[in-house]
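These are my notes from a first look through one model. I wrote down each item as I looked it up.

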Amino acid sequence: MWSAQVLKLGQKLAEGKTKEIYELADQPGHVLVQSKDQITAGNAARKDQMEGKAAISNRTTSCVFRLLQEAGIKTAFVRQQSDTAFVAARCEMIPIEWVCRRVATGSFLKRNPGVKEGYRFSPVKLEMFFKDDASNDPQWSEEQLIEAKFCFAGLAIGRCEVDIMNRSTVAVFEILEKAWATQNCTLVDMKVEFGVNVMTKELILADVIDNDSWRLWPAGDRSQQKDKQVYRDLKEVTPEAMQMVKRNFEWVSERVQLLLEPQSQGRVVVLMGSASDLAHSERIRSACSSYGIPCDIRVTSAHKGPDETLRIKAQYEGDGVATVFVAVAGRSNGLGPVMSGNTVYPVINCPPLTPDWGAQDIWSSLRMPSGLGCTTVLSPDAAAQSAAQILGLSDHLVWAKLRAAMLNTWISLKQTDRKLQACNL
C-alpha cells in the first residue's frame, strides 16, 4: 500500500546508479527517492536495464525500513509513495558504506588470503569503505573516518558518531538476520549507509536497503543465492540470464513482505491475587504492549480458590498459544509457586511490594520449594521485558524490538556522556 498524495517535486538533488533524489517543494525537510530500472556491478563497470527493477527495489526497501522502524530503529524512511518511489527525511549523507558480515565470502576472502569461504564470524565482522568510485571504494579504518573530520548538516563526525554507526550497523544486521531466518534464509552480509537529518541534526539510517545491499543464501546454500551476486557472476549478459536475475529479485521482494508478519504469536497472562493489584498489573500490560505482545489480566487466588486458579491455567494451556504467566500477589505469594508447580510454561513473580511489609513479603516469592522454577522480578516493566525475552526466542518481531531498545539505550548513554564531557570542558 502507498500514499495517493500528489507531490510537488522541486529540484533534483542527487542521482546515483540506481536512484534519483528530488526535493519536495511542499514538504520542507523531505525528499522523494525514485528508483531506476538499472542494475550495476563493479562501480557500474557493468550496467544493464532490468524492467521492473525499480518497483522490486522500492518494495523491498519499503518493507525493510518498515520492519526496522517498527522495531524502534531510527531511519530516514517516511512512507512508500508509489510503486517505484518513497518519501524520506532529507539527509546529508556520510560517504561511508558500513559492511557487516556473518559469513566470509566475496571481497573479504581476496583481502584476507587463508580464510576459507564459509568461515562464520561470531561476533559479526564489521568493515567500512569510503565511497569513492575513482579509487574503487577503499577500505577505511575508524581512525581514518575520525581524522577526516567530516561535518554534515552541522554535525561533526567524531568518536561518538562513529561508535553509534558501528553499533547501529550491527543491530540492523542482527534484526534482519533474525527475520530472514524465519524464511530459512541466511543473511550472509549486508551494507548500510547513514546520514544526518537536515532538520533534526540526528544521525540516522538512510539511503536504501534492497537486494543490492546484501547476500542471501536460502538454507545457507550459496548455490541458491538470490541477491545481486548472481548478476555479478554472469559470464555473459543475455536476455535469459537477466530474466533469471529478475526472478531472484522478485523472490526476495515477495518474501521480504513476510518478514513483517509474526511467525508465532505469544502472549502474557497476568494473574493477580486481588483487584487492589490492578494498577501494578496494568503497568505490566502497558509494557507488554510496547513489545507488541497481547496481555490478559485475570483475578484469582491460589490460597482462596486453588481450583479456579488451575482452571484458568488449563484454559490458557489448552489453545496452543505460547504463554508466559506473571503472578502478581502481595503478602504471602502462593500464586506464583502454585502456578509453577502445575505448568511447564514460564512463570514470573512480580509482587506489588508495600513499604511496611515489603522486605518480609518478598521471601514468599524468592524462597521456592524444590522443583519450582519461577523467577522473581520486582519492576512491572522488567517483568514485561523478561516475558518478551522468552517469547522473542520464537517471535522475530518481539526480538527486534528488544534488540532495538538495547541499541537505543546504549546510544542515549553515549550521547549523554558526550554532553557531560562537553560541559566539563
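I take helices (H or I, at least four residues) and strands (E, at least two) as DSSP runs, numbered from the N terminus. The model is predicted, and local features need pLDDT of at least 70, side-chain atom pairs count only at pLDDT 80 or more, while totals for chains, interfaces and linings use all residues. Residues are numbered from 1 along each chain as its sequence is written, and side-chain values use heavy atoms, with hydrogens and water left out.

**Entry 1: a loop and its sheet**

I started at Q81, which I found in the loop between β6 (77–80) and β7 (85–89). Is Q81 buried or exposed? Buried means under 20% relative accessible area, exposed over 50%, and partly exposed in between (1.4 Å probe, protein chains only). Q81 counts as buried because its relative accessibility is 8%. I noted a polar contact of 3.3 Å between the side chains of Q81 and R79. Such a contact is a pair of N or O atoms within 3.5 Å; within protein, one must be able to donate a hydrogen and the other to accept it, and residues adjacent in sequence count only if both atoms are side-chain atoms.

I then followed the strands on either side of this loop. Two strands pair if DSSP finds at least two bridges between them. β6 and β7 pair in the antiparallel sense, over three bridges. F77 has A88 of β7 as its bridge partner. Both strands belong to an open sheet of five, ordered β1-β2-β3-β7-β6 with antiparallel pairing. The edges are β1 (9–15) and β6, each of which pairs on one side only. From one strand to the next, the twist averages 30 degrees.

**Entry 2: helix α1**

I looked up what packs on this sheet and found α1, which touches β3 (30–35), β6 and β7. Contact means heavy atoms within 4.5 Å. The direction of α1 makes about 130 degrees with that of β6. Axes are lines fitted to C-alpha atoms, for helices over the stretch in contact, and angles run from 0 to 180 degrees between N-to-C directions.

Helix α1 (residues 53–71) also packs with helix α13 (residues 396–424), at about 65 degrees and with axes 8 Å apart. I listed L67, E70 and A71 on α1, and L397, A400, K401 and A404 on α13, as making the contact.

**Entry 3: helix α9**

In α9 (residues 335–342) I found L335, G336, P337, M339 and S340 buried. Their cover includes β17 (267–272), α8 (306–317) and β19 (323–328).

**Entry 4: salt bridges**

How many salt bridges does the structure hold? I have 26, each being a side-chain nitrogen of Lys or Arg within 4 Å of a carboxyl oxygen of Asp or Glu.

One joins R222 and E117 (2.6 Å, N to O). R222 lies in the loop between β16 (214–218) and α5 (229–232) and E117 in the loop between α2 (107–111) and β10 (120–130), so the pair ties together parts 105 residues apart in sequence.

Another joins K131 and E193 at 3.0 Å, N to O. These two are 62 residues apart, with K131 in the loop between β10 and β11 (139–140) and E193 in strand β14 (residues 185–197). K131 is partly exposed at 36%, whereas E193 is buried at 8%.

K313 is buried at 9%, and E317 is partly exposed at 26%.

Last, I noted a network of salt bridges that links R101, R111, E127, D189 and R215.
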